[in-house]
Protein chains: 2
Amino acid sequence: MAANNINNNASILESGQESNGIIQALLTDQYQITMAYAYWKSRRTDSRAVFDLFFRRNPFRGEFTIFAGLQECLRFLKNFRYTDSDIAFLRTVLPPTTERGFFDYLSALNCSAIQLYAIDEGSVVFPRVPLLRIEGPLPLVQLLETTLLNLINYASLVATNAARFRLASGPNKQLLEFGLRRAQGPDGGLSASKYSYIGGFDATSNVLAGKLYNIPLRGTNAHSLVMSFRSIDDLKNKMLQPKDATSDPIDLAASSLAWLDKVCQLLDLRDTNEGELASFIAYAVAFPQGFLVLVDTYDVLKSGVANFCAVSLALNDIGYKAVGVRIDSGDLAYQSLEIRKIFERVAQEFGLPWFCDVTIVASNDINEETLHSLQQQGNSIDAFGIGTHLVTCQKQPALGCVFKLVQIDDEPRIKLSHDIEKVTIPGRKTAYRLYGSDGLAIADLMAQPSETSPEAQKVVLCRHPFEALTRVNVRPTKVDKLHKLYMKDGEICQPLPTLSEVRDNVKRSMQTLRSDVKRELNPTPYKVSVTSNLYHFLHDLWQESLPVGQLS
Amino acid sequence: MAANNINNNASILESGQESNGIIQALLTDQYQITMAYAYWKSRRTDSRAVFDLFFRRNPFRGEFTIFAGLQECLRFLKNFRYTDSDIAFLRTVLPPTTERGFFDYLSALNCSAIQLYAIDEGSVVFPRVPLLRIEGPLPLVQLLETTLLNLINYASLVATNAARFRLASGPNKQLLEFGLRRAQGPDGGLSASKYSYIGGFDATSNVLAGKLYNIPLRGTNAHSLVMSFRSIDDLKNKMLQPKDATSDPIDLAASSLAWLDKVCQLLDLRDTNEGELASFIAYAVAFPQGFLVLVDTYDVLKSGVANFCAVSLALNDIGYKAVGVRIDSGDLAYQSLEIRKIFERVAQEFGLPWFCDVTIVASNDINEETLHSLQQQGNSIDAFGIGTHLVTCQKQPALGCVFKLVQIDDEPRIKLSHDIEKVTIPGRKTAYRLYGSDGLAIADLMAQPSETSPEAQKVVLCRHPFEALTRVNVRPTKVDKLHKLYMKDGEICQPLPTLSEVRDNVKRSMQTLRSDVKRELNPTPYKVSVTSNLYHFLHDLWQESLPVGQLS
């Protein structure tokens, strides 16, 4: 195949030559604007608000999530402003009675009063622990909500999905993202390529993602190339220079046809599709060092693989090693094993040991379950091309991140609900991850900022935030603080990792998770806990906030 | 609520102030580029190819699909070119042996040799009937595949989903798209707003969609506004000018508190949440003519609705009519009925008949099934705010449009498959829709272009493309030709409808469908047929194309 670009020096932010103009201040819900006006009218523009962005449940019936989208959020915050044209539009949206001063306020808004705390992008994260904590003037932080949720929800969902596909395939298979055509819109496709790579994929078919993010590219041919040829006579260019460029070009068609006779004899075949053979020769003439073709246009075992072997043997005569085949239909496990047998017979018959290991790529509606099942059945597939299920996250196409007010002007706020899952944990929280002596994560622990940090080798009580009797004493071997200040007064104040570094973080972070938390079937929930202090703070505030009507 | 913009004069294409820079020539799969090089190397750049874009199955276990995305495709084609930076990137992707002439070829490419036939955007469409037929030089048409699929797949999927939600809700409920935060990326959200509107939604919360496409906007407030107030003392601005601007501003807080006493007495409540009341007053001061608030932050029936009624009555005193309430949790049907009863009691008690009809908006994870179930249970909801399920199409997050070569240099091509669903119908096809005397569509009929058109009142035989014995004689009352030439030599050659016109087309087109085809449970498949001529052409070619190996 074509060359890859794996040197990846730019951070996601800096590499953003991408001009996705639609990530802008107006990409928000109208109620943010109306609420901002209500705050402004109530003279609350100087109220300092603290909002948490978090999710309540891991996706895909799993027990972990990969956090992604942070750098896009930072870029959005850095560029946040309303243009004159935005303001002119908002004047038509809000009622004519809206005071002029509000539009002046909006015109002057930017994020210079924003502080953003975040977990590192690419970390494994869990329900209730804030991914972001944003502090700033109440109306401004409110105005940021929808866009931040939009940028994080899908990024994290796809990265998580990709990490699950990686778990299902094991570490040694190549995973290729092929989903652009089925993605939910253009940047549904582009984001999928980026965040699948972060989550553990090796390459993408999406050329723009290759250009913008330096993600390795993969791609060969489709049925249309094969179908566009009917016979050897359609070939207008059959000549190929041997790899050792000293000798003259040879007629690859003549050579392939000669080899085809031998291959058909070996495999006891009478004939193969001639158009398919012609298309393979055309492709080999174009990519003699990247000869990997789709072999299931007509019949994989009776035509495609034999044609592939014939052209590969012809290429071999002049110094080129074929790369592989792709199958895109039928029983992938069975076919891959049969194809491997053919490769082995060819390798033996013609004395080419390397031919045993020619790559077999499989695609065709592969999902996480397919990967598990292929693993169980046994197969000889080296690489999977995965599209629809990966990029649209068919198993669960949305992550439910929310953005909740937890403090205002130094007063904590709690959101009550009959549904206990929807009760929020009030106030600013410091979050820690506690590790055991085996290097594996034991629990996340949220505390009030005023509390002293838990320390390695010292016992700390970890309580379930809502279940009074669920608690455990933990003596961690290592304690990590989860949040860093990423934006201070509107300026990014952390070095931003490159895409590869984020990808490495996913890998490293996933390795700290116990395998029973990661498994597909009935995974064990990871512990997300609060300190005793925070527990009492939460429950005292809860009690205070109960409406009198509910006590009666 | 805020004012709406429903005058919609620009076509989707012209209104595209949207600068979604990522819809560009490189937003494609790498194999399109490698295939293009193989075609170029084989000197097939002048081969004239015909590709069909179609889908094989309707989404959502339904029997119809709405076609959308055409204008975005036209815009893409019109702007199609490789920039110098694209070419520079492609040089790094393709092997060093790639000939320079190929890059010169790519640099000079545009769509001036492209003809595009399409069904009108917003039409009801069915499996196998091409949505687009594209004709042009083989490598060029190949290079367009992925982007066209990307632009049509999601647009059509969301439009179809929206049309199904509209069917489920009935014609009289307001449907509001609230999905931006959960959409698959920024333009997943933007496209969802646009295509939900086309499919039958009335408005969106997405401000950018309002700006770019003139879609009516809706939005009120979130829990955070309510939670940001704790008491009446937090209100820094309680004064409101009566609607009849001749009299002095009144203290809306004092007036609301006075009314709250009466409302609590009427409803036998002791107390309501004071912060919530304060937030409602703040919102009413900002939007006295658009007073619609979320009433479920604390307790819908014991706090939210009473507070809403108190503020509404205070507003009424000075000439303003409240708009409504939104509920976002719990049993929506039950709550809406209880809320309506309260509105009716208030209306009667205080002599305000209009108060019976105050709007009730419901949101909270609503899907198509919820709408059907709410309909069956009985409810008093006037408007639904729908997010995640609509925009991510949770029930089926991808439409499987494909792009298949059907003819090359006047030779038809057929793709065979063991899976009969995947066999393609070769050659150019003219497609007709046949209507009965009741104005309802009977069947779609594909014919060879050389055949004479079916005519009204004349019997025509409609055959299933693959089942020899499935055929029916139809005497249509009306015959419509489905495809128009939309792009001739790279120029758009049809007047393009506005977004509202496309929306009207959906409505009109849906009305021509029999209700049993549209129903949710076990819908009747619509007939997609071929003429006898095309049937024989297809099956003769099929037989010719069978590989010899398969006959043995």
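**View 1. The annotated domain span in chain A.** UniProt, in an unreviewed entry, places the feature "domain: Nicotinate/nicotinamide phosphoribosyltransferase" at residues 323–423 of chain A; UniProt positions follow the numbering used here, feature names are shortened, and annotations may be inferred rather than shown by experiment. In this predicted model, local features need pLDDT of at least 70, side-chain atom pairs count only at pLDDT 80 or more, and totals for chains, interfaces and linings use all residues. Residues are numbered from 1 along each chain as its sequence is written, chains are lettered from A and ligands numbered from 1 in the order written, and side-chain values use heavy atoms, leaving out hydrogens and water. The end C-alpha atoms of residues 323–423 of chain A are 55 Å apart, and the span is 32% helix and 21% strand (DSSP runs, numbered from the N terminus: helices are H or I, at least four residues; strands are E, at least two).

**View 2. A positive phi at A:Asp489.** Here A:Asp489, not a glycine, has a phi near 45°. Its place is the loop between β21 (483–488) and β22 (491–492) of chain A. At 37% relative accessibility, A:Asp489 is partly exposed (between buried, under 20% relative accessible area, and exposed, over 50%; 1.4 Å probe, protein chains only). Most residues other than glycine have a negative phi.

**View 3. A positive phi at B:Asp409.** Take a look at B:Asp409, with a positive phi of about 45°. The loop between β14 (402–408) and β15 (411–412) of chain B holds B:Asp409, which is partly exposed with a relative accessible area of 39%.
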